[in-house]
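These are my notebook entries on one protein model. I set down what I looked up, in the order in which I looked.

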Amino acid sequence: MIPVEWGEVVALELGRLDGGGGITRITADSRDAGPGDLFVALNTGVRYVDEARARGAATLVPDDQEAALASLASLVRARSDANVVAVVGSAGKTTTKDILGALCAPHVPTIRAERSLNNEIGLPLTVCRLEPVTRVLVTEMGMRGLGQVAALCAIARPTVVVVPHVGPEHLELLGTVEKVAEANAEAIASLPGGATAVVPAAGPLDPFLTREDVILRRFDPSEIEQRDGVTRFTIDGDVVELELPFTQRHLAANTLAALHGYAALGLPLERAVDGVVGIALSPWRGEETALPGGGFVVNDAYNANPDSMRAALQHLAERAGERRKVAILGEMAELGETAGSYHQAIGELAAELGVEVVGVGEAARAYRPLAWAADATAAVEEARSIVRPGDAVLVKASRAVGLEGIADEITNFARAWSLSS
């Protein structure tokens with residue numbers, strides 16, 4: 001972290017401070033807090049203040065934890081001339097962030113957000129990781145309503161915005177896809193003049209792309225070519241060929257958005273291939289595991305909305321070939337009054353693609369599944385009776401459904417088949 005003096009932290013008047021000296025790291029985890037660190041006690045973290053102090057860390061019990069983190073992050077950000085990328089949108093944020101961070105890292109000192117640290121807590125903690133040598137910081141910003149992306153941008157002060165996709169999400173709060181687009185467009189509104197926004201070639205974001213002083217880089221996933229393990233992209237007239245560690249077309253689309261962000265940062269397209277080896281997606285996002293008998297299971301259980309569910313099912317159908325196709329699908333959350341129709345449409349798509357569905361949770365009844373389970377525990381038993389050797393299996397739902405462990409369970413009982421056969 002870019003060091004800050006104790007007196008500067010005191011002057012912010014954030015809450016109860018103990019300690020002193022220069023601060024070279026800000027952490028919310030007391031377990032690894034030590035000398036030079038400021039441990040910020042979030043939520044129940046107040047119980048561990050004495051532990052952090054015993055380890056040699058300074059401590060802060062904030063009066064308002066979100067405001068405190070925002071102030072600390074703003075203090076650090078003001079001392080950095082790094083390019084900050086804000087990745088926003090309805091789907092693909094985390095994978096785009098992961099890919100862009102990996103592409104940049106071989107060329108410039110780069111920091112990227114861990115996992116999905118994209119809210120009022122995670123974003124400031126990411127900004128506080130800025131170091132004096134950092135040239136690129138890749139952040140992710142989530143939202144649940146209007147004004148939230150703008151507030152995060154006020155802290156991070158992005159110089160590049162990347163929007164991989166805008167579609168139906170948080171409709172329970174926002175009501176329409178147009179409002180979703182408006183909320184994400186707050187990131188573009190925050191950019192300084194002359195900065196760059198990477199956006200889809202067309203879509204619901206278009207009415208909000210009105211700034212004439214911002215450079216728009218448009219990307220069109222339909223132009224991606226995939227053949228023999230190589231994915232071919234055209235960026236600014238140049239052809240970039242990459243051997244990516246995944247086969248999903250929607251992840252290739254996220255890579256295209258990341259490549260445009262990479263080019264916007266002035267990094268060499270002819271050397272983008274150098275960063276491919278460093279691409280490691282965050283957990284539960286399209287992770288494929290081979291199963292005995294020639295099958296496989298895709299763990300895509302971190303989150304789901306209608307567009308990402310559609311993309312995952314289409315990939316399953318393409319990837320499966322002649323294999324039997326099974327999808328264990330939970331609820332797509334926060335879709336409001338339109339939830340039933342969205343779930344029904346996904347069920348119809350699955351039927352068209354020849355995918356047998358195991359629904360999990362009450363909302364999943366609208367998929368008209370082959371089998372239904374009340375929760376993740378019951379879904380494991382349903383999977384045990386339905387999944388067979390050689391099947392192609394997808395596991396996907398909104399995070400609240402908690403299906404992330406089912407892929408491992410399927411892998412375990414598939415191995416038991418192999419041992420017993």
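**Entry 1: strand β19 and its neighbours**

I began with β16 and β19, which pair in the parallel sense over five bridges. I took helices (H or I, at least four residues) and strands (E, at least two) as DSSP runs, numbered from the N terminus. Two strands count as paired if DSSP finds at least two bridges between them. The model is predicted, so I noted its limits: local features need pLDDT of at least 70, side-chain atom pairs count only at pLDDT 80 or more, and totals for chains, interfaces and linings use all residues. Residues are numbered from 1 along each chain as its sequence is written, and side-chain values use heavy atoms, with hydrogens and water left out.

Are the residues of β19 buried or exposed? Strand β19 (residues 392-396) is mostly covered, and five of its five residues are buried. Buried means under 20% relative accessible area, exposed over 50%, and partly exposed in between (1.4 Å probe, protein chains only). I then recorded the directions: Ala392, Leu394 and Lys396 point one way, Val393 and Val395 the other way. In a regular strand the side chains alternate between the two faces of the sheet.

**Entry 2: strand β9**

I turned to strand β9 (residues 196-200), where five of five residues are buried. Strand β8 (residues 160-162) pairs with β9 in the parallel sense over three bridges. In that pairing, Val162 has Val198 in β9 as its bridge partner. β9 also pairs with strand β10 (residues 215-219), again in the parallel sense, over five bridges. I noted that Pro200 stands opposite Phe219 in β10.

**Entry 3: the nonpolar cores**

I counted as a nonpolar core a set of buried Ala, Val, Leu, Ile, Met, Phe, Trp, Tyr and Cys residues joined through side-chain atoms within 4.5 Å. The largest core has 77 residues, and Leu38 and Leu313 have the most contacts inside it. Which helix gives the largest share of this core? Helix α3 (residues 65-77) does, with seven residues. A second, separate core of 36 residues includes Val160, Leu244, Leu265 and Leu267. In soluble globular proteins, nonpolar side chains tend to be buried together.

I looked up Leu313 next, taking contact to mean heavy atoms within 4.5 Å. Not counting residues up to four places away in sequence, Leu313 touches Ala327, Leu329, Ile346, Leu349, Ala350, Leu353, Val355 and Leu394.

How many cavities of 30 Å³ or more does the structure hold? It holds one. On a 1 Å grid over the protein atoms alone, a cavity is a set of points where a 1.4 Å probe fits but cannot get out, and a pocket is an open set with protein on both sides within 12 Å along at least five of seven lines; lining residues have an atom within 4 Å of a point. Grid points are joined across faces, edges and corners, and a volume is the space filled by probe spheres set on the points.

The largest cavity has a volume of about 50 Å³. Its lining consists of Gln248, His250, Gly286, Val298, Asp300, Ala312, His315, Leu316 and Leu394. Helix α10 (residues 306-320) gives the most to this lining, with three residues.

Ser308 also lies in helix α10. Ser308 is buried, with a relative accessible area of 17%. Not counting residues up to four places away in sequence, Ser308 touches Ala91, Asn303 and Lys396.

**Entry 4: two loop residues**

I looked up Glu334, which has a positive phi of about 60 degrees although it is not a glycine. Glu334 is found in the loop between β16 (325-330) and α11 (339-352), and is partly exposed at 31% relative accessible area. Arg368, also not a glycine, has a positive phi of about 55 degrees. Arg368 is found in the loop between β17 (355-360) and β18 (371-373), and counts as exposed at 68% relative accessibility.
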